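Please keep the sequence and the structure in view while reading.

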Amino acid sequence: MLDESSQDNSSATAVAENRQEAQSSWEQAQRHREADSGSQYVSARRQEKAWKKMKQFRVEFGPSRKDVLNFTNQLAVMIRAGISLQDSLESISEQCTNQKFKVIIMDLKNRIEAGQSFSQALTEHSKTFSNLYINMVAAAEVSGSLSGMLQKLAEYLDAEAETRSQVKGAMVYPVIIAVMAVSVTIFLLCFVLPRFTAIFRGKEHLLPTPTKFLMASSAFLRGYWYFILPAFGALSWAFYYFIGTKPGRLWWDKTKLVVPLIKTLCRSLYITRSLHTMGVLIRAGVPILNTISITAQISGNVLYKSMWLGVYDEVRQGKKIASSLDRYDLMPGNVVQMIRSGEDSGTMGDVLRDVSSYYARELKTVIKTVTSMIEPIMIVVMGVLVGFIAMSIILPIFKMSSLVMGK
């Protein structure tokens, strides 16, 4: 009986141990499943965060002229409505989509709250806001007419953007024609002319010089195109680097005032920009020396900048603007005479406004004239190129046919 009870106890113990092992195995498996599901959840969360970052990623440049124009318009409207400068800046920053410009606007607000004036805060961001912008705001702070001055600034920036757009628009068509001419020439040399090479092979001595030149050019383009592209890129970089240097910039600005058609457009542009800037600054109450200095900086041409800096030095010595401009041939005589009359009558700002308005209209006329003259010139050049290539291919065929018929 004892043996049977001991066997029963041992079997019960074995069963209990088996149950404990099964329970522990189940719990361990459960922990593994939870750990796996937890790691999967963490991995899914990481992937979701990474995807959100990828969706939010974008390359953003600094504020453009259009951003500054919109900012100025909004600020003028809010201040005219009686909203404080700080609240206006905060409201504009909340609506701003350009993150870099948003940071700049909030920095302006913080600097004003710290005790700086608006013009002093703008000076800390001189890459975004020009000297003209800063000086006009400073003049407005003295006169207490910030809203009206900002409206004038917005009108000035809008006029500058329109002028810049007109000049760029005038160059679109000639550039398209030039690209088409180059593309057609490359297509004819690389894909059309090689088909005639087999016909001319062995008869090179019969080919005219233009055909030999084209065949050599075609072979060079097809055989060394991988050298030509980097060479073209290097030349373009070298040119832009050269005009970025002081001697190169001087040469380039002189060239723009000498090349036919282009010189008329450039002179009208520089005169309009200079007189418009001077008129706006003088009417805004900016001191005359600061006005001339700012005009020199925004003139856009080294020669005009040098002229205005020379005028600055002479005016600082007590001379008048008109008598100083007489020493240069960059400004038309009638403009100098009108500036002289404005100085004598004390209506310099109004005279400059009228003259700049006239030259703004003149600039539009010049742009239309230049564009209408460039278009046929580019078409003629393109036709001459294509015709030259076509005749260089056809002439030797006619010559060989005549030789065959003569035999």
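Which residues make a nonpolar surface patch of about 710 Å²? The patch is made by F220, Y224, W225, Y226, F227 and L229, where a patch consists of residues with over 30% relative accessible area and no salt bridge, like charges being joined within 9 Å and nonpolar side chains (Val, Leu, Ile, Met, Phe, Trp, Tyr) within 5 Å. Accessible areas come from the Shrake-Rupley method with a 1.4 Å probe, and for residues only the protein chains shown count as cover.

One of these residues, Y224, is found in helix α9, residues 209–244; helices (H or I, at least four residues) and strands (E, at least two) are DSSP runs numbered from the N terminus. Y224 is partly exposed, with a relative accessible area of 40%, on a scale where buried means under 20%, exposed over 50% and partly exposed in between (1.4 Å probe, protein chains only).

## Basis of the description

This is a predicted model, in which local features need pLDDT of at least 70 and side-chain atom pairs count only at pLDDT 80 or more, whereas totals for chains, interfaces and linings use all residues. Residues are numbered from 1 along each chain as its sequence is written, and side-chain values use heavy atoms, with hydrogens and water left out.

## Nonpolar cores

The largest nonpolar core has 36 residues, and those with the most contacts inside it are F71, L75, F118, F129 and Y133; such a core is a set of buried Ala, Val, Leu, Ile, Met, Phe, Trp, Tyr and Cys residues joined through side-chain atoms within 4.5 Å. Two or more residues come from each of α2 (65–80), α3 (85–95), α4 (99–113), α5 (118–123), α6 (131–143), α7 (146–192) and α11 (262–283), and the most, seven residues, are given by α6.

Beyond its neighbours within four places in sequence, F71 is in contact (heavy atoms within 4.5 Å) with L89, I92, F101, I105, L108, F118, F129 and Y133. Apart from this core lies another, of 26 residues, among them A296, V311, L352 and V355.

## Cysteines

The structure holds zero disulfides, a disulfide being a pair of cysteine sulfur atoms within 2.5 Å. C96 is buried, with a relative accessible area of 16%, and C190 also counts as buried, at 17% relative accessibility.

## Salt bridges

A search of the whole structure finds eleven salt bridges, each defined as a side-chain nitrogen of Lys or Arg within 4 Å of a carboxyl oxygen of Asp or Glu. In one of them the side chains of R249 and D253 meet at 3.6 Å, N to O; because these residues are four apart in helix α10 (residues 246–256), about one helical turn separates them. R249 is partly exposed at 32%, whereas D253 is buried at 0% relative accessibility.

The side chains of E314 and R327 meet in another salt bridge, at 2.7 Å, N to O. E314 lies in helix α13 (residues 302–316) and R327 in the loop between α14 (321–325) and α15 (333–345), so this pair ties together parts that are 13 residues apart in sequence. E314 counts as buried at 11% relative accessibility, while R327 is exposed at 55%.

K320 forms a salt bridge with D344, the closest N and O atoms being 3.0 Å apart. K320 lies in the loop between α13 and α14 and D344 in helix α15, so the pair ties together parts that are 24 residues apart in sequence. K320 is partly exposed at 45% and D344 is exposed at 54%. Finally, salt bridges with shared partners join R249, D253 and K256 into one network.
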